[in-house]
Amino acid sequence: MTSYFRRLIGIISISKDGKSVKISHLTFWGRKRDVIVPLEDIVPLTESGCSPNDAYVKLVRFSSKETLYMTLRFGNILDKTKFEFVFGSLDVFGFKK
């Protein structure tokens with residue numbers, strides 16, 4: 001179970017200048033790990049081949065093979081415009097929340 005929960009994203013935030021994204025998830029020992037990723041390194045959801053209506057969606061990066069997962073169905077998006085700025089438009093998928 002820890003292998004699964006280590007890869008589940010808890011919080012995603014964008015920097016004030018809009019050039020980097022902070023991704024927070026848990027380590028094996030249950031501590032919070034923050035990864036700061038340049039915005040250009042994140043693959044948009046429209047290109048990653050996933051459906052946002054799935055329970056978990058892969059967060060794919062160009063420079064890393066580490067796979068992290070986020071949930072759109074059970075999670076909460078506080079600012080849809082910033083989310084779409086980072087991950088692409090959800091309207092393409094017909095995502096409704």
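Q: In what sense do S2 and S3 pair, and over how many bridges?
A: In this predicted model, S2 and S3 run antiparallel and are joined over seven bridges.

Q: How do side chains sit along a strand?
A: In a regular strand, side chains alternate between the two faces of the sheet.

Q: Which elements give two or more residues to the largest nonpolar core?
A: The core has 18 residues, and those touching the most other members are Ile23, Ile42, Leu45, Leu59, Met70 and Phe87. The elements that give two or more residues are strands S2 (20-26), S3 (32-38), S4 (57-59) and S5 (68-70), along with helix H3 (80-87). H3 supplies the largest share, three residues.

Q: How many aromatic pairs does a search of the whole structure find?
A: Two. In one of them, the ring centres of Phe28 and Trp29 are 4.8 Å apart with planes at 85°; planes over 60 degrees apart count as edge-to-face, so this pair is edge-to-face. Phe83 and Phe87 form a tilted pair, with 4.8 Å centre to centre and 40° between the planes.

Q: Where do Phe83 and Phe87 lie?
A: Both are in helix H3, four residues apart, or about one turn of the helix.

Q: Are Phe83 and Phe87 buried or exposed?
A: Both are buried. Phe28, by contrast, is partly exposed at 45% relative accessible area, and Trp29 is exposed at 72%.

Note on methods: Residues numbered from 1 in each chain as written. Predicted model: local features only at pLDDT ≥ 70, side-chain atom pairs only at ≥ 80, totals over all residues. Heavy atoms only, no water. Core = buried A, V, L, I, M, F, W, Y, C linked by side-chain atoms within 4.5 Å. Buried < 20%, exposed > 50% of the residue type's maximum accessible area, 1.4 Å probe, protein only. Pairing = 2+ DSSP bridges. Phe/Tyr/Trp six-rings, centres within 6.5 Å; stacked < 30°, edge-to-face > 60°.
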